[in-house]
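Here is a friendly walk through one model, with its strands and helices taken in turn. Have the sequence and the 3D view open as you read.

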Amino acid sequence: MSRQPPRRRGDAAAAESDFRHRNLPLLLLQAREGVIAHFRPVLKAHGVTEQQWRIVRLLLESGPLEPRQIGRRCSISGPSLAGVLMRMDDLGLVRRERIASDQRRVRVSLTPRSRALAAAMAPRIEAVYARIEAHVGPVAVERLVATLDVLIGQLAALPDGDATPAAGLGE
């Protein structure tokens, strides 16, 4: 576990803190915001929201999935996901089909329109990745991705230690 860097002189609030660790959830949010800010112009230019793009990318990589799988893998709550999928269906970006063996279940897949959209966006998306790698360094990006993969896997296997809402958020 990493410890906080030395406190700066005159930082009275930090001096009074009982926390030994830096605020990992906040750092992750700040890193996410710093990264997504570079992709937003591309998404906006193509009329796609961040959530819609997450779903398109996931389905491109995985193939058709059920909504609960999409929600879990894209970190979108069930109620939000229902609205996003409905809008994507209205836009012709996804197709929702009942599963023959269980009519209560639905499988979501991409349409030719969403595949064409992704293909049109790919050069600009890849250009953003190239700019980030050029600035941060490809090795640093590769290490970060590997570290995040490990972190995600390890945290998924970590038993809940405290069931109270917002436990351990460090906020």
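## The strand pair

Val 94 faces Leu 110 of strand β2, and Arg 98 stands opposite Val 106 in that strand. These pairs belong to a predicted model, in which β1 covers residues 94-99 and β2 covers residues 102-110. The two strands run antiparallel, joined by six bridges. Together β1 and β2 make a hairpin, with two residues between them.

Across the protein chain the mean pLDDT is 89, and 84% of the residues reach 70 or more. One stretch calls for some care: over residues 163-171 the pLDDT is below 50. Beyond near neighbours in sequence, that stretch has seven contacts in the model.

## Helix α2 against helix α6

Now for the helices. Two packed helices are described by the angle between their axes and the distance between the axes. Helix α2 spans residues 24-45 and helix α6 spans residues 112-136; their axes come within 10 Å and cross at roughly 160°. Angles over 145 degrees count as roughly antiparallel, so α2 is roughly antiparallel to α6. The crossing in which α2 passes α6 is right-handed.

On the α2 side, the contact is made by Val 35, His 38, Phe 39, Pro 41, Val 42, Leu 43 and Ala 45. From α6 come Met 121, Arg 124, Ile 125, Val 128, Tyr 129, Arg 131 and Ile 132. By class, the residues of this contact divide into 11 nonpolar, one polar and two charged.

## Helix α2 against helix α3

What angle do the axes of α2 and α3 make where they cross? They cross at roughly 90° and come within 11 Å. Since 65 to 115 degrees counts as roughly perpendicular, α2 and α3 are therefore roughly perpendicular to each other.

Here Arg 32, Ile 36, Arg 40 and Leu 43 of α2 meet Glu 50, Trp 53 and Arg 54 of α3. The contact of α2 with α3 has three nonpolar, no polar and four charged residues. Leu 43 is one of the α2 residues in this contact, and Leu 43 is also among those in the contact with α6.

## Helix α3 against helix α4

Helix α3 (residues 50-62) and helix α4 (residues 67-74) have axes that come within 10 Å and cross at roughly 110°. That angle makes α3 roughly perpendicular to α4. The crossing of α3 past α4 is right-handed.

Which residues of α3 meet α4? They are Arg 54, Ile 55, Leu 58, Leu 59 and Ser 62, and their partners in α4 are Ile 70, Arg 73 and Cys 74.

Key:
Residues are numbered from 1 along each chain as its sequence is written. This is a predicted model: local features need pLDDT of at least 70, side-chain atom pairs count only at pLDDT 80 or more; totals for chains, interfaces and linings use all residues. Side-chain values use heavy atoms; hydrogens and water are left out. Axes are lines fitted to C-alpha atoms, for helices over the stretch in contact, and angles run from 0 to 180 degrees between N-to-C directions. Helices (H or I, at least four residues) and strands (E, at least two) are DSSP runs, numbered from the N terminus. Angles under 35 degrees count as roughly parallel, over 145 as roughly antiparallel, 65 to 115 as roughly perpendicular and the rest as oblique. A crossing is left-handed if the near helix is turned anticlockwise from the far one by less than a right angle, and right-handed if clockwise. Contact means heavy atoms within 4.5 Å. Two strands pair if DSSP finds at least two bridges between them. pLDDT is the predictor's confidence in each residue, from 0 to 100. Ala, Val, Leu, Ile, Met, Phe, Trp, Tyr, Cys and Pro count as nonpolar, Asp, Glu, Lys and Arg as charged, and the others, Gly among them, as polar.
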